[in-house]
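Biologist: I have a model to read and some questions about it. Please show me the structure.

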Amino acid sequence: MSGTLFSDASSRLERALKYVSISDDAIERLKYPKASLNVSIPVRMDDGSLRIFQGYRVRYDDTRGPGKGGVRYHPNVSSDEVKSLAFWMTFKCALLDLPFGGAKGGITLNPKELSRAELERLSRGYIEAIADFIGPDVDILAPDVYTNEMIMGWMMDQYSVIQRKICPAVVTGKPLTMGGSQGRDTATGTGAFYVIHSLLPKFDKKPENTTVAVQGFGNAGAVVADLLAKAGYKVVAVSDSRGGVYTENGLDIAAIRQYKREHKGITAFYCEDTVCNIGEHRSISNEELLTLDVDVLIPAALENQITAENADKIQARYIFEVANGPTTSEADRILEEKGIFVFPDILVNAGGVTVSYFEWVQNRSGLYWRLTEINERLKERMVTEAEKVWVLSREFDISPRTAAYVHAIERLGEALDAKGTRDYYINGKMH
């Protein structure tokens, strides 16, 4: 289990294994990814020059079904990061009882430096390079950091060109006109809201008396902040990559979302003449937001935001991880000692992959559901699995994160053991 991020991610597996009974064979299989692919993607730039980009795809486990996972475009994308994300996806899909394994992909670049035409050539080139590694019954792609429905549409179209037939089920998160699903673009934030709104009452927390800070005001963070505000929670701080804003009286989240759509940032929001009368406010950094005195902290940006260096400064009582891997294992131990409840990414942000599953099913059946039906199905699944995780955490007196892994490992173990184990071959007899 080499690699800093992957080693940290896999330590959660080791901790959960103390509370489950699965075969040594299953444990051994879960330690390693099934397949990894590194590719070079040549792209002709608008100025005529040629650039080579590094791309990755990892299929960690496909015991329960084809691999499933997003593709991210980011300067920090690496083989280790993609492997870690595929690892998390494996347990996320099992936790939500989806018929998928875990996979992930990415390209190392700053997408903001490329034109739209260059991004299209890059996206299609990525599919050219990995086409033999993916497929509707093998490994299904989805959007992730700095990828969107337009990019997913390019990828699906390029795969269809290669296969010489329309293959909508190879990619989820596509435009509706290309076979996308209602609700997919807001699914991660919506699913997170269902989890938060169902679990906080267990601590006697009512919306009107609960303060919230959201780090990461991208698609998922903005949606969950908006839904929480509409439900009566007091969202007092939000931030994006450029910084954030805080006011103890609560922010106008709908107005901030509109402003960011128009100006691509939120730090200047309260400086605009038309909104300066909203109330007292101050600009804050992402780091400051994490340590605010609030009830609920929602890290919705990138991994490794809460670490051993800042965990002791966290004041929130409840953390709901909307980002993938925002809390390191060392920070976990500190937070647990402080009595802070951390509800893990593999549960909280699983709304995205759940609605991706719905999209995949719709693509394969040719029958498409209304948004109300999508959200009803999403809510039922998210709340059901959140309740199971909560019961396990109380039963074994373990953290919600460990309980989530226990729940997922039990399902994975059953599937892995169904293929045969050492005990079966050594001691078993046919009946």
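Biologist: In which handedness does α6 pass α12?

Modeller: This is a predicted model, where local features need pLDDT of at least 70, side-chain atom pairs count only at pLDDT 80 or more, and totals for chains, interfaces and linings use all residues. Residues are numbered from 1 along each chain as its sequence is written, and side-chain values use heavy atoms, with hydrogens and water left out. A crossing is left-handed if the near helix is turned anticlockwise from the far one by less than a right angle, and right-handed if clockwise. For α6 passing α12, the crossing is right-handed.

Biologist: Which residues of α6 and α12 make the contact?

Modeller: Contact means heavy atoms within 4.5 Å. α12 brings Gly 351, Gly 352 and Val 355. From α6 come Ala 187, Thr 188 and Gly 191.

Biologist: Where is Asp 204 found, and is Asp 204 buried or exposed?

Modeller: Phi of Asp 204 is near 60 degrees, a positive value in a residue other than glycine. Asp 204 sits in the loop between α6 and β6 (211-215). Buried means under 20% relative accessible area, exposed over 50%, and partly exposed in between (1.4 Å probe, protein chains only). With a relative accessible area of 69%, Asp 204 is exposed.

Biologist: How does Asn 304 count by relative accessibility?

Modeller: Asn 304 also has a positive phi, near 60 degrees. Its place is the loop between β10 (296-299) and β11 (318-320). At 37% relative accessibility, Asn 304 is partly exposed.

Note on methods:
Helices (H or I, at least four residues) and strands (E, at least two) are DSSP runs, numbered from the N terminus.
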